[in-house]
Amino acid sequence: MAENKKKLIEVKNLSKYFKVDKGTLKAVDNLTFDIYQNETFGLVGESGCGKSTLGRTLMGVYTPTSGSFRYTGRESLEVNKKNLFRYSKLAQMIFQDPYASLDPRMTVGSIIEEGMIIHNMYDKQKRQERVYELLEVVGLNKEHANRFPHEFSGGQRQRIGIARALAIEPEFIVCDEPISALDVSIQSQVINLLSDLQKKLNLTYLFIAHDLNIVKYISDRIAVMYLGNIVELASSDELYQNTLHPYSTALLSAVPIPDPDKEAQKSRQIIEGEIPSPINPPPGCNFAPRCPKACDICHKQKPALKEVKPGHFVACHLVK
Ligand SMILES: Nc1ncnc2c1ncn2[C@@H]1O[C@H](COP(=O)(O)OP(=O)(O)O)[C@@H](O)[C@H]1O
Ligand SMILES: [Mg+2]
């Protein structure tokens, strides 16, 4: 399905390294991939593998260490320092922690209005109307505009965060684990809201999660990340039915199946060993030290992400 779609974000050899005491931390290392218009692009991987760094780099929060990315939506631009302001009218972010991400001193109305002011959108009265409208859109109401974030529950705060992101009418939204901090009972409400909004407003999501059940449910395509690299990328169904990378296999086998009988029968693959450090990683495949199938070449040469079937990309020497 996705193959014929138009690209929205075109990522080329993108890296984001951090200088740390012990050397260079390769949080995002030489990634090349596309995000298509209107899709939900799921990004999964263990904590520390570089998901948020990738999300922030694609928001323009971090300047890439090397490589680049292009945006081709309402506007077409190679995103760089010069056009970051223009880009910030097209792309927005929803954060993991709805407590830390809303300024406690601002009213909900002014939080939502802020982006419209920055981008010089509408006059005061129209902005006020938009704030009320957005509150309704996310399942709150206009009376909430004069209240402060602390008066709301986690789920309601996340709705406020969504309204704020929508206020400037973006096309692309990075959702960085937007439901991880919420009670299980309200997670699906927020997911459903995001899905409805996507259809209504033609949004494109980069949806970051460590919970594979959620990613599977919401994503059109999924990228599996390991220590700064994308190791596998495919449509959701394909990734689950025809998992090719040993790391993805291990990650997916760790997802509990809701049926206890099936769960008991399932063979579970345990990933041996600690996650190695992304600081000064050794040559070869980053996963090799933990991979049950690793052979000589895996320790010597880094595998490129290659398309092994239409739309199915894998970075593994053992997959032909
Ligand atoms: N500002 C920073 N300075 C130094 N190291 C960082 C910074 N941000 C993230 N890192 C490191 O980069 C790696 C990836 O982090 P992150 O992108 O937050 O991973 P994830 O979101 O997948 O948990 C981690 O090793 C983390 O410690
Ligand atoms: Mg993160």
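Is Cys 291 buried or exposed? Here are my notes, with the answer in point 2.

1. Ground rules. This is a predicted model, where local features need pLDDT of at least 70, side-chain atom pairs count only at pLDDT 80 or more, and totals for chains, interfaces and linings use all residues. Residues are numbered from 1 along each chain as its sequence is written, chains are lettered from A and ligands numbered from 1 in the order in which they are written, and side-chain values use heavy atoms, leaving out hydrogens and water.

2. Cys 291. With 16% relative accessibility, Cys 291 counts as buried (buried is under 20% relative accessible area, exposed over 50%, partly exposed in between, with a 1.4 Å probe and protein chains only). Its sulfur sits 6.3 Å from the closest cysteine sulfur, in Cys 316, which is too far for a bond.

3. Disulfides. Taking a disulfide as a pair of cysteine sulfur atoms within 2.5 Å, the count is zero. Cys 175 is in none, as the nearest cysteine sulfur, in Cys 49, is 17 Å away. Cys 175 is also buried, at 0% relative accessible area.

4. The largest core. A nonpolar core is a set of buried Ala, Val, Leu, Ile, Met, Phe, Trp, Tyr and Cys residues joined through side-chain atoms within 4.5 Å. The largest one has 55 residues, and Ile 112, Ile 162, Leu 166, Ile 173 and Phe 207 touch the most other members. Domain 1 (7-219) and domain 2 (247-320) both contribute residues, so this core lies between them; the domain bounds come from an automatic or database domain assignment.

5. Another core. Apart from that one lies a core of 30 residues, including Leu 54 and Ile 230.
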